[in-house]
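Come and read along with me.

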Amino acid sequence: MQDSVQTIVSQIFIMFLLMFLGHLLYRRKMIDETFSKQLSALLLNVVTPAVLIISYQRPFDREDARQLALAFFYSVLTFLVAIAAAWLLFGRSKKPYAKDARMCVIFSNNGFMAIPLLQALLGPEGVFLGSASIVTATVIAWTYGARMLSGENRTDLKKILLNPGTLALLGGVLLFCSPWKLPGPIFQAAEYLGGLNTPLGMMVLGVNLSQAKVLSCLKDKTVYLISFVKLLATPLLAAVVLYILGAQPTTAMALLIGVAAPSGVISSMMAQMFGTDYRFSARVVAVTTLLSAVTMPLFLVLAQQLW
């Protein structure tokens, strides 16, 4: 318990340091809104797919493949729980931030926040199984999320199949199942790209927060409602679903750590890309990140008791 709390607090502190750097660079006019938007596009189209591909660079094993397939199945179910919760709260809302609020409920910072916890609590197996949540989030963001933010009413199969998230998933799974892996230099280049995910993402969020009225969000009841649903209600519902379905302890904990993480910076970056209220998303990400220092340890203790 103490180790998990220290890991969570440490990650939150690092995130806020990187956010502050983005804020400082924006205030010093070293970064402007246009450059921030370009960085968001770079992260979503290049860096995040690189993270997904390198996560499957490991020797194929039948039991690993079976457990990973189960992890994907359970991960989809946890996202369906989050999507349902977001729809019940904001599906019919006419507020200008309604779509962004739904994104903040659905998507977690399950990479930067979750991976250190997975490593500390569950080891390499936990990181491998937890990657299912990261991959699922990316694919859903580029399909359901992109469609919701853009306001499109029709399903574009071309966009679903050819978006960066889906292509990265297919490429990663094919590499995992095949005897061939990425050559050393290409793998190293992909690792370097993947390493940009957290620092650039947090700096972009810091820029977005600079443009928002950060202090006003502390008085916004909607932000606290989203925080409650994102950090407590949705993880609890997901835990009940996994428990009823008989998910194995390691798989369940690996996925629930991602579900319980604060709202993901991808919500703010995609909002900026599609022209919705990304400043609202940035405020929610900041507040849920701060509150997660209390909620995540409590939830992890409860989940450990269940399994």
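Is Phe-128 buried or exposed? I looked up its relative accessibility, which is 5%, so Phe-128 counts as buried. I keep in mind that this is a predicted model.

**Entry: the ring pairs.** I counted five aromatic pairs. One of them joins Phe-60 and Phe-176, with 5.4 Å from centre to centre and 55° between the planes, and this pair is tilted. I then checked where the two partners sit. Phe-60 is in the loop between helix H2 (33-54) and helix H3 (62-90), while Phe-176 belongs to helix H7 (residues 164-177). They are 116 residues apart, so I noted a link between distant parts of the chain.

Entry: I found 39% relative accessibility for Phe-60, so I wrote it down as partly exposed. Phe-176 has 3%, and I put it down as buried because the cut-off for that is under 20%.

**Entry: a second pair.** Next I looked at Phe-128 with Phe-176. Their ring centres are 5.7 Å apart and their planes stand at 50°, so I have this pair as tilted. Phe-128 lies in helix H5 (residues 114-150) and Phe-176 in helix H7, so the pair ties together parts 48 residues apart in sequence.

**Entry: putting it together.** Which residues make up the cluster? I found Phe-60, Phe-128 and Phe-176 in one aromatic cluster.

**Entry: a charge nearby.** Last, I looked at what sits over the ring of Phe-128. I found the charged end of Arg-58 there, 3.7 Å from the ring centre.

Conventions. Residues numbered from 1 in each chain as written. Predicted model: local features only at pLDDT ≥ 70, side-chain atom pairs only at ≥ 80, totals over all residues. Heavy atoms only, no water. Phe/Tyr/Trp six-rings, centres within 6.5 Å; stacked < 30°, edge-to-face > 60°. Helix = DSSP H or I, 4+ residues; strand = E, 2+ residues; numbered from the N terminus. Buried < 20%, exposed > 50% of the residue type's maximum accessible area, 1.4 Å probe, protein only. Lys NZ or Arg CZ within 6 Å of the ring centre and 35° of its normal.
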